[in-house]
Amino acid sequence: MSRNSRRYRREAEAAVAAANDPADFEKRSGEEQLTVLEALIEEARTSTYEAINSHHRDFLSIRLHGQDPLDEVATLNDKYGLVQSTIDPSAHKSIERLDAVGRALRAIVRLAKIHANLKDIDDQILHGDVAVAASSIAEIGEFLSELEDDSPLLVDSQAVDLLQMQYLKKRSALKAELDYLMAEMYQINDAGSSVVEMVVSYCVMSNYDNVPYENPVMLGDLFFALTNLDLYRDKMDLLADALIYRWFIPLLRNPSESLAVSKVKLFATINIGAYTASANNRSSGDEAGVTQSHCALVRDKWSTVLDFIRDEMFHDVSIDEDHTVVYEYLGSKLWTALCPLLHESLLVPLVPADIDAIGDAQHMVPLLELEERWLELGLIADDQLSIKDSIRVLLQTYVSKRRRDLLTTVASILATDDANTVVVGGNGPVTDMLCDYALSSGGKKGSSAKGGKGALASTGFDEDCDSSLVFPRCSISVHAQTLVEFARETIGFTASSDEEAKTAALYFHAVRDAFALYRCLMPCQWSAALLADPKRAFVMYNDCEFICHHLSTLGFRYQEKWPHVLRASATFVDVIAAYRTLSKACLSPLLTRLRTQIAQALGPSEWLQPRWLSSMIGSGDTLGRCYEACEAQLALACGIIGQVAHVGAAHLPRSMYLRVLGLLADVAVGHVSRRFEEIGSASDSTARALVRLATPVAALEDWFRSSTSNFASLSDGAAHRGSLISKYCKEWDSFQIQISRLDKMASHISTIN
């Protein structure tokens, strides 16, 4: 050690010894006081670390165990204040040293306070002072968060980590004790029987091990501790769930259930179901009288439960001063869950079916009194009076009820497993309004009004009619037909009534919600069938197009009858895009699966070395052994196309039928066409065999001809039939070229021979 270091240590020790004399410390200059204070802080830091390590580690030091450095550290605050008043503000270096000393002193004070609080928590829990223990835990948490912001030069990280670990242990121990107290103070007994009982103990005399507390734990102590540790939400959630599902909801469904409350000095009890009154005890009368008496019973029984919550569950607790947060949280939790049930079970049924009787709200008085009781007890605030607000706008509540009933009816119809279909559009038995308009306007171009409908009836598909307003003839589900009829009737009723704009807007949105219900329910209900059953996918596609057809003009048709504020916005055009997307989503997976199935039926997909051609051509112009297998593959592929075409011809519009047929036929036609193209030359027998092999593929043209059977009387019918298959099957022209080449090859060789 150098001479200067020894000299500095001796001076510091002398300064510390002199600092014990307050009079001598005050006589020193500001710089000397600052030097002495730095030495004292360093000594306090060392003693604090030693106390922390000796008390909270696994080993104990006999010399230091039980030592509390907080008193020693507390005296340094007075000396720090004296130095602050002595140091010259213009001495910048001294001011910087003083600031560093202040930061170090604050860190040591926090460490000492944390250590002192941690030492006492176990005894506080053991003695029943859970409120004091919770305050200590909360204070320790604040100190530790402040220490995390301090520089590592000010505090030892190992000491902070040790205190952090001890803090978590003490907090967990206190939380376990509070869980035990919560279970003891609020005991719910049902034992699987119809009788449910809650026993509220006003105080707990002993801990879990049956060791008596020095100070019995009261309800106020429990709430204070839960609030300080921010644990009251979880506990109040458990209490709220128990009250909702075991008392409030059963009494709402059957208010004649017996409810009894008993009180003694140390606890109170509330039970439900000990004696259930007979349903015959209800007052007789009309439906409205029974409903009103039902509301009165609910009001009385719920008021009893609410009084029990306020007087017994918070016994001797000052709600307005100490535990407002806990009480209001419990009330808000209960009201948030129960208010929608009150609306659905009591308020909505009380709304009269006749709109003229809406002005009389006398039968809703029990509901208003029940809500007022919640407000009087402080369980809800003034801005949570939803029942009062609903009664104030009873007309809108009436419309909301009708809207709910309408949507419930629509949802129940859509949820039925009804696979029946109906033909609409064109010459179908159900003619929509736009088709009526088109026919009344003359139907087809060049047709008279008298013969327009007859001309339309002579055709079976949409392209036969030039009017863009005519919906094509196809099959739709009964669900879609019912949905559109519901929309038209509801909008017609709203537009023809004299109700205010808000009422009309509610009906308008009810129709929009009904269309949204279809998009939500039907794809889920038929998810498996849409991928496996072509009929279901085709009908679903037609449903979407049928609904889009009506959505395009539904709002425009009633525009003049809408209230003025709705005329610019009452439209359904924006919903069309969603239905277009749904129609594609219903059909695309099925077509993709069918195309894959057809390709698999045709055999391997290696284009350069087709198995069924290499065997025939490579064995001396003989058909080979694969002819029958290839013939079976083509027959299977074309059979799949024929089955789908049969279903599509019965249900799809003509244009969509041709597109689907062309899309599927393209797979088989292209497959055969590309393989025929690979053949350079062949004998006449091979050429004729290949032409015969392609007979099922050539027969696919008949399905396109069936769609033009009604054109047989037209002079250009044959040309029209030929153009259709070329239009919708891209590979057809190439296939015809290959067939013509093979025919010429066979006839040319025969001529030579």
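User: Is D230 buried, partly exposed or exposed, and what is its relative accessible area?

Analyst: The model is a predicted one. Buried means under 20% relative accessible area and exposed means over 50%. D230 lies between these limits and therefore counts as partly exposed, with a relative accessible area of 47%.

User: Which residue meets D230 in a salt bridge, and how exposed is R233?

Analyst: The side chains of D230 and R233 meet in a salt bridge, at 2.6 Å from N to O. R233 is partly exposed, because its relative accessible area is 36%.

User: Which helices hold D574 and R512, and how many residues apart are the parts that the pair ties together?

Analyst: The side chains of D574 and R512 form a salt bridge with an N to O distance of 2.7 Å. D574 belongs to helix α21 (residues 573-601) and R512 to helix α18 (residues 501-525), so the pair ties together parts of the sequence that are 62 residues apart.

User: What is the relative accessibility of D574, and what is that of R512?

Analyst: D574 counts as partly exposed because its relative accessibility is 48%. R512 also counts as partly exposed, and its value is 22%.

User: Which parts of the chain does the salt bridge between K235 and D179 link?

Analyst: The side chains of K235 and D179 meet at 2.2 Å, N to O. The pair links distant parts of the chain, 56 residues apart: K235 is in helix α9 (residues 232-253) and D179 is in helix α7 (residues 157-185).

User: Is K235 buried or exposed, and which residues are linked with K235 in a network of salt bridges?

Analyst: K235 counts as buried because its relative accessibility is 13%, whereas D179, at 27%, counts as partly exposed. The structure holds 13 salt bridges. In the network, K235 is linked with K175 and D179.

User: How many disulfides does the count give?

Analyst: A disulfide requires two cysteine sulfur atoms within 2.5 Å. The closest cysteine sulfur to that of C548 is in C544, at 6.7 Å, which is too far for a bond. For C586 the closest cysteine sulfur is also in C544, at 4.9 Å, again too far for a bond. The count of disulfides comes to zero.

User: What is the relative accessibility of C548, and what is that of C586?

Analyst: C548 counts as buried because its relative accessibility is 1%. C586 counts as buried as well, with a value of 4%.

User: Where is N207 placed, and is N207 buried or exposed?

Analyst: N207 is in the loop between β3 (203-206) and β4 (212-218). Because its relative accessibility is 11%, N207 counts as buried.

User: Which residues is N207 in contact with, leaving aside neighbours within four places in sequence, and how far is its side chain from the backbone nitrogen of V211?

Analyst: Beyond those neighbours, N207 is in contact with L126, E177, Y180 and Y213. A polar atom of the N207 side chain lies from the backbone nitrogen of V211 at a distance of 2.8 Å.

Definitions and conventions:
Residues are numbered from 1 along each chain as its sequence is written. This is a predicted model: local features need pLDDT of at least 70, side-chain atom pairs count only at pLDDT 80 or more; totals for chains, interfaces and linings use all residues. Side-chain values use heavy atoms; hydrogens and water are left out. Helices (H or I, at least four residues) and strands (E, at least two) are DSSP runs, numbered from the N terminus. Buried means under 20% relative accessible area, exposed over 50%, partly exposed in between (1.4 Å probe, protein chains only). A polar contact is a pair of N or O atoms within 3.5 Å; within protein, one must be able to donate a hydrogen and the other to accept it, and residues adjacent in sequence count only if both atoms are side-chain atoms. Contact means heavy atoms within 4.5 Å. A salt bridge is a side-chain nitrogen of Lys or Arg within 4 Å of a carboxyl oxygen of Asp or Glu.
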